[in-house]
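Take a look at the chain and its fold. We will walk through it step by step.

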Amino acid sequence: MPEEISGINENKSGDNAMNFLERIIEDDIRSNVYRRSVHTRFPPEPNGYLHIGSLYAININYGAAKRFKGAFNLRFDDTNPLKEDMEYVNAIIEDMKWAGYDPGENIFFGSDYFDRIYELTLKLIENGRAFVCDLTPDELRESRGTLTTPGINSPYRDRSVEENLKLFDGMKNGIYSTGEKVLRAKIDMSAANINMRDPTIYRVLNADHYRSGDKWRIYPMYDYAHPIQDAIENITHSLCSSEFKDHRPLYEWVLNALSFAFPEPPKQREFGRMSITGAITGKRYLRQLVSQGYVDGWDDPRLPTIKGLRRRGFTVESIYDFLGDIGVARDNSTVDISMLENSLREDLKPKAHTVMAVLDPLPVEIINYPEGAEEWVVVENNAENPELGSRELPFSRNLLVEREDFMEVPEKGFRRLYLGNEVRLKGAYFIKCEKALKDENGNVIKLLCTYDPATKSGGGFTGRKVKATLHWLDVNHTLPARINLYGRLLPDENISGEEPDWPRLVDPDSLIAMENARVEESLSSARPEEKFQFIRHGYFVADIHWKPSEKLVFNRIVALKDTKKKG
RNA sequence: UGGGCUGUCGCCAAGCGGUAAGGCAAUGGACUCUGACUCCAUCAUCCGUAGGUUCGAAUCCUACCAGCCUAGCCA
């Protein structure tokens, strides 16, 4: 198997600080625990899609292998035929590649080891380390005892090796029904660690497996199969999440019982799980949301799945950066979503085009601008990155500005549009608000302004300064749009006309739904390769696609940061 | 309740006996053709609590408290 780890981006901080797991590995290397090089693995069960938490686990294993120039395996832990499917293995591989953790040729399946595990199990039985148990699930649970009381030995615990071998053969050959018999490790029913109370290591399951088909009627349990899988793949460090800490003694028991086959057994070490505030985490719950139709699918932008994040506009770089930022700890952590958002912002900042958009339009008429005239003004795509160039926007007598950029009675500190105040329209001119037209209810429906031709952008005007710069759109070159549940702006063909019934770009219902799902920052992406950026009052609006020859096309919008406004 | 693990700023997180890094968030200010960005400043006399050891402790010891995991023929 290839030992090469494909390169991924370095941690932005560039520091070489090792996390505690890497320090453990380093110690092992120093004391020559293994004659082979570091080898880690990521063992997802193919029963769901990868999410940000999975990436955290991948990053830890992959990162350790990379740091010590070792190898990394992707192994599908598919020992339960009832829950697994090929759809998930394909999605997992795809997502890992997208995220920059390409396992290359090192893709394995636990189900490929069924034969080997079976053979080893025969030896285990021959050595008197396992026995076939006829207890029903209920009886087994009863006899296991509780947290405070020890379990009692199974009446079948002392069957002879011959009998166990014969029964196990029967299990294998499918002469028993599902659940009728199990194979148990013979350890200690009074152990304080319940995992050691003669745990079940094989069960009869008359079910076909998505890969091995109908070949097997018995399937090994995770606790038994996992250490063997690791050992078969020459894993040195099996880094998993902390809920498996209590399983470590069993992991070691199995490999010890099989030491004749695995002289240099891998070791399991644990790290705390990572979750993100407001994110729905946990495969079981995610699957429920998908299967019950609460979301579009695994790639719903409201989900913290890889596909969801991707559709929501997150870049690989930003995610990797985020993982580097949060570190690795022994205890579970809940990272604030703002950290993830910050990573995206940092990444997009120099790469994204800055585009103008108006979410809640307020018409503006430049009363001293010639009727019917039109000119094109130049706006930089990204002031921070001149290489992104500039583009032209149409400017005319009738414009739109953001409704919140006007206040009839300015609050203290408000420096945008109000009667008599002058502001700059980005890339265009200074305009001064002369009058606000209202409807019969007193609502401002239009602003009458004047502009100063001398202040045209790029003209070097220094005569006077202005306190604010606003974004705007030309009314005839704007595609009305409506925001949907996912924060996606949808073109709405039905909206047109001289005095259009301006859509509420964010309708209350959507906001409530989005709030409930904690996705007020969500978006969807039609073209992940195009990154645009719009920042307004702290909001990010990404991927708004401008084609000079056509109309303004909104592809997606995201508000990543709700900065408190000052006036 | 038994066993295991963890407790350092609102959130992540360094620190590993020598007198509390950094990031996110927040706050104040400067700057600005997007109230963004950038910049500058502030932000734990204290490391779950109480004792103890030591010249000296977040780091060692003891007790207590809190949180998480654990009684699948799931992984």
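Some ground rules come next. This is a predicted model, where local features need pLDDT of at least 70, side-chain atom pairs count only at pLDDT 80 or more, and totals for chains, interfaces and linings use all residues. Residues are numbered from 1 along each chain as its sequence is written, chains are lettered from A and ligands numbered from 1 in the order in which they are written, and side-chain values use heavy atoms, with hydrogens and water left out.

Start with the overall layout. Chain A is assigned domain 1 (20-271), domain 2 (276-348) and domain 3 (362-471). Such bounds come from an automatic or database domain assignment. The centres of domain 1 and domain 3, taken over C-alpha atoms, are 66 Å apart.

Now turn to charges. A salt bridge is a side-chain nitrogen of Lys or Arg within 4 Å of a carboxyl oxygen of Asp or Glu. The count by this rule is 30 salt bridges. One of them joins Arg 30 to Glu 26, at 3.7 Å from N to O. Both residues lie in helix α1 (residues 20-30), four residues apart, which is about one turn of the helix. Helices (H or I, at least four residues) and strands (E, at least two) are DSSP runs, numbered from the N terminus. Arg 30 is exposed, because its relative accessible area is 59%.

Arg 248 has two partners to follow. With Glu 252, Arg 248 forms a salt bridge whose closest N and O atoms are 3.9 Å apart. Arg 248 and Glu 252 are four residues apart in helix α8 (residues 248-257), so about one helical turn separates them. Glu 252 is partly exposed, with a relative accessible area of 41%. Arg 248 also meets Glu 270 in a salt bridge, at 2.9 Å from N to O. This pair links distant parts of the chain: Glu 270 is in strand β9 (residues 267-271) and Arg 248 in helix α8, 22 residues apart. Glu 270 and Arg 248 are both buried. Elsewhere, salt bridges link Asp 134, Arg 159, Glu 163 and Lys 181 in a network.

Next, look at a loop. Ser 212 lies between β6 (200-204) and β7 (218-220). Ser 212 counts as buried, because its relative accessible area is 19%. Leaving aside neighbours within four places in sequence, Ser 212 is in contact with Phe 114 and Tyr 219. Contact means heavy atoms within 4.5 Å. Ser 212 and Pro 81 are 131 residues apart in sequence, but their C-alpha atoms are 9.1 Å apart in space.

How do the sides of a helix compare? In helix α9 (residues 283-291), the buried residues are Leu 286, Leu 289 and Val 290. They cover an arc of only 95° around the axis, so they sit on the same side of α9. The arc is that of the directions from the helix axis to the C-beta atoms. Arg 284 and Ser 291 are exposed on the other side of α9. Just after α9, Gly 293 has a positive phi of about 75°.

Finally, consider the rings. Rings of Phe, Tyr and Trp (its six-membered ring) pair if their centres lie within 6.5 Å; planes under 30 degrees apart count as stacked, over 60 as edge-to-face and the rest as tilted. The count by this rule is 22 aromatic pairs. Tyr 222 and Phe 244 form a tilted pair, 5.1 Å centre to centre with 35° between the planes. Tyr 222 is in helix α7 (residues 222-232) and Phe 244 in the loop between β8 (237-241) and α8, 22 residues apart. Tyr 222 counts as partly exposed, because its relative accessibility is 24%. Phe 244 is partly exposed too, with a relative accessible area of 22%. The rings of Tyr 429 and Tyr 451 have centres 4.8 Å apart and planes at 80°, so this pair is edge-to-face.

Note on methods. Buried < 20%, exposed > 50% of the residue type's maximum accessible area, 1.4 Å probe, protein only.
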